[in-house]
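Subject: Structure handover

Hi,

Here is the structure I promised to pass on.

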Amino acid sequence: MVIFKNINDIKKYISLKKEGERKVGFIPTMGALHAGHISLIQKAKEDNTLSVCSIFVNPTQFNDKKDLEKYPVSTDADIELLLNAGCDVLFLPSVEEIYPDGEANFKTYDFGYLDTILEGAKRPGHFRGVGQVVGRLLEIVMPDSLYIGQKDYQQCMVLKKLAPMMGLDNLEVIICPTTREADGLAMSSRNRRLTEPQRVVAAVIYQCLVSIQSKQLTSHFDIVRKECEDLLAAKGFATEYVALADARDLTLLSDYKTDAPMVALIATKIGEIRLIDNMLL
Ligand code: AMP
């Protein structure tokens, strides 16, 4: 694996490789890698001849500065995992490298409705920051395909919108399934911050999603939502939303539909740790 910290160096390397008609698959991450990230690397390796991963904890997507300060960093262990996974290139830039003229001065994109609901509403400025950094990284790496996780469902919809906004009409955006722990908890870098008792109860989020899914033909969503909110509260969670939406455009739904693909989404906090998850219905 070749590691680059500098934009010009990685650009030169990738453009040389592309002359050899390599197909480039790109996996942007914020590090603290786990098996979910590695599943994206594996998929990129299957589909491409060059896999490029980036690790960059992007300050502009953190609306909560405490969350940024406490975001787990484990670069040495990450490099080890990427080596074992057979990743070809790692881009490990500094904040100054990505935002040389300051964070405020970089190109942003407007995601409209998607930025006004759920994560957009609860984390003002978050998707602006995500669009800013992924846009910047795409301009540098210029991949053929972008690999992202369904774990961040709304982010997937935002990034699907970003590619045409940037004029990258040929960029393939590939959404990979959520990797889970044995008890159903979606893998997340933030899980590392859970205490042992918090980790044990965190599986309730997945249980809620399963119950939303399994009751779709027998109950009303407002009843199931209330059951989930009560269950999460009983386990010590402060819930931000338990929501149902049209899976195609994230239009929020007040009840189950039989004629549309749906997605159930949860955001909830235990202590200081905010966790999100979702399930297609
Ligand atoms: P992050 O490092 O959290 O920014 O995530 C980097 C990429 O990995 C994003 O596309 C995430 O959606 C994806 N990802 C995070 N957790 C998982 C998971 N449990 N399963 C699959 N993909 C994931």
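Searching the whole structure turns up 13 salt bridges, a salt bridge being a side-chain nitrogen of Lys or Arg within 4 Å of a carboxyl oxygen of Asp or Glu. Before the rest, some housekeeping: this is a predicted model, where local features need pLDDT of at least 70 and side-chain atom pairs count only at pLDDT 80 or more, while totals for chains, interfaces and linings use all residues. Residues are numbered from 1 along each chain as its sequence is written, and side-chain values use heavy atoms, with hydrogens and water left out.

One of those salt bridges joins Arg 190 to Asp 67, with the closest N and O atoms 2.9 Å apart. Arg 190 sits in the loop between strand S6 (172-176) and helix H9 (196-201) and Asp 67 in helix H3, so this pair ties together parts that are 123 residues apart in sequence. (Helices, H or I with at least four residues, and strands, E with at least two, are DSSP runs numbered from the N terminus.) In total, the protein chain has 11 helices and nine strands.

Now the domains. The assignment, which is automatic or from a database, gives domain 1 (2-176) and domain 2 (189-276). Their centres, taken over C-alpha atoms, are 26 Å apart. Where they meet, 24 residues of domain 1 are in contact with 19 residues of domain 2, contact meaning heavy atoms within 4.5 Å. About 1,900 Å² is buried between the two domains, and carbon and sulfur atoms give 54% of that; buried area is the accessible area (1.4 Å probe) that two parts lose on being put together, summed over both. On the domain 1 side, Leu 118, Glu 119 and Tyr 153 lose the most area to domain 2, together 29% of what that side buries.

How many salt bridges are there between domain 1 and domain 2? The count is four. Elsewhere on the salt-bridge list, Lys 70 pairs with Glu 272, the closest N and O atoms being 3.2 Å apart. The elements giving two or more residues to the side of domain 1 that touches domain 2 are helix H3 (65-69), helix H6 (118-122) and helix H8 (153-165).

Leaving out residues up to four places away in sequence, Ser 219 touches Val 224, Asp 255 and Tyr 256. Ser 219 and Tyr 256 are 37 residues apart in sequence, and 8.6 Å apart in space, C-alpha to C-alpha.

Cheers
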